[in-house]
Amino acid sequence: MTTTIESAAAPIVAAAAPTRRPRRRGGRSSRDRSVVILVTIVSVILMLLVGFPLLNLLGAAGSEKGLATLGQIFTNPTNHRIVGNTIALGLWVGVLGTVVGFLFAYAQVRLKFRGKRLLHLLALIPIVAPPFAVATAAITLFGRNGAISNGVFGLQADIYGLPGLVFVLTLSFFPVAYMNMKGMLESLDPSLDEAAADLGASKLRIFVTVTIPMIVPGLAGSFLLLFVEGIADLANPLVLGGDYTVLSTRAYLAVTGEYNTSAGAAYSLVILLPAILVFLVQRYWVSRKSVVSVTGKPAGTSELISSPSIRVPVLTIVGFLCLLIVVIYTTVLIGGFLRVPGVNNEFTLDHFAFVLGGIGSKAMIDTTVMALIAAPIAGVLGMLIAWLVVRKLRRAAGLMDFVGMLGLAVPGTVLGIGYALAYMTPTMIGGIQILPALAGGSAAFAGGLAIVMVYVTRSLPSGQRAGVSALQQIHPAIEEASTSLGAGSGTTFRKVTLPLIQSALITGVTFAFARSMTTLSPIVFLTTPGMKIMTSQILAEVDSGRFGNAFAYCTVLIAIVLSLILLFNVIIRKVVFRGRTHQR
């Protein structure tokens, strides 16, 4: 039992006694005002991050060209196929990514074996590198002339199209589900498993009838995130799509190839339709299957599973996937030391000398600084939105939750165009300048502020969903006990709620930093000569055929992200919460 749960348990008992009620003295209205102020601030931030750029996109989509494109989407058979391709890709990535993430999390939290720290590190690697780097490595290994598919097995494999996209996107995005599931499994009350075991249930039956139902919110939330990631991703379909066209690539080509911003905005709006449907289904389903696993009551520690019937198949699958991750990222690492990877394998350090000096050095510093600014903002904002949605809001909870998720629903390319349209010039309301130009070379900080805003927008949903899932497991009586003793909403959130959901906060901050460091598609339209971004530089190297430089960039980027993720974990656990944890 930790300090946080111990301190919360006693007030619950006191609050349950009907004869001892604290004096209010107007405290409720004071707390209500603090919540109103917080809701107002968060709403304004969401409006600036998501609402205003999307309004500009809606204006473009509502133009004559935009409406014409929308009409063709519903009447043109080619567009019907593109929409079907997009939904199929999202469903495959959502299901497989959630399954893989859960298996990794279950092995990490519930199974008994050596090497858990290594497993955790390997599970984080896919989110710390640009996804098109994974696609390039996959082509090198498993393409028609791949080192493994052709060199080892003698096969002329075709990795382009849906199979390749599902493979790469699942491998790239499953860590989102892993981090979410890991935090939820750590929060489950082990007494439930003990009670089932005492009644004679086997480990497999406990897994099916106890563990799975308790983590339904996390499974549904992870599927939602991965589904939207799958339908909104741009980099991988550009590299591996082949003839398999999806809406994100169609929107990108409309903007960059046809110079039709209105058509690009119209295609992006169609992506929102399946995202909204999945969101509503997930919300309805989870609301009917709400569970609570953190109650403030004493509990023991989970007994690690050593039964071969569960341990062997799970560890076999997880081990194979870990081997696959090692092979792919070893290819990225080795490629940075080869003069022309796959053609001239002579050892060289020229690529790293290029990255660590000149333009490469500036891109590395600029990207890291902006990601360090955006990550804590996105993490804390995600927890605030989750807390407001689950605990404080009623009628507007669904709307705020949905608006926070829009950062992933809109393709990055179109989001970047929306930011360019919205913030390339000063923001005016009623003839009064509200904001100066935030994007473009003439803006403040060479447009860096707009890039930070994009980073926060794209990273916010992961922390938000992790926070919602974690809060749905925590009994409201813990926070109500703090409120009944006179603590304001802000104090309760800071001293009671945040320590209980610190795993979700770490998930949000970790993913926000990694996502910021590896985001590409919205940044392409916002980079300026005074602000260099690593992913943009990597894309430039790939387009120029300098794959060695691109792999060297990826290696440096991975090293930076992994180092700072470890630092984030130490700071949050040891400094922010001073060793307090929600675990029992």
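I looked up F104 first: leaving aside neighbours within four places in sequence, F104 is in contact (heavy atoms within 4.5 Å) with L119, A123, F174, Y178, V318, L321, C322 and I325. I note that this is a predicted model, in which local features need pLDDT of at least 70 and side-chain atom pairs count only at pLDDT 80 or more, while totals for chains, interfaces and linings use all residues. Residues are numbered from 1 along each chain as its sequence is written, and side-chain values use heavy atoms, with hydrogens and water left out.

I checked S268 next. S268 lies in helix α13 (residues 261–288); helices here are DSSP runs of H or I, at least four residues, numbered from the N terminus. S268 is buried, with a relative accessible area of 2%, and beyond its neighbours within four places in sequence S268 is in contact with A251, P411 and V414.

Last, I examined a helix pair. The axes (lines fitted to C-alpha atoms over the stretch in contact) of α16 (residues 359–392) and α19 (residues 448–471) come within 6 Å and cross at roughly 40°. I therefore record α16 and α19 as oblique to each other, the class left once angles under 35 degrees, over 145 and from 65 to 115 are set aside.

Methods:
Helix = DSSP H or I, 4+ residues; strand = E, 2+ residues; numbered from the N terminus. Buried < 20%, exposed > 50% of the residue type's maximum accessible area, 1.4 Å probe, protein only. Axes fitted to C-alpha atoms, helices over the stretch in contact; angles between N-to-C directions.
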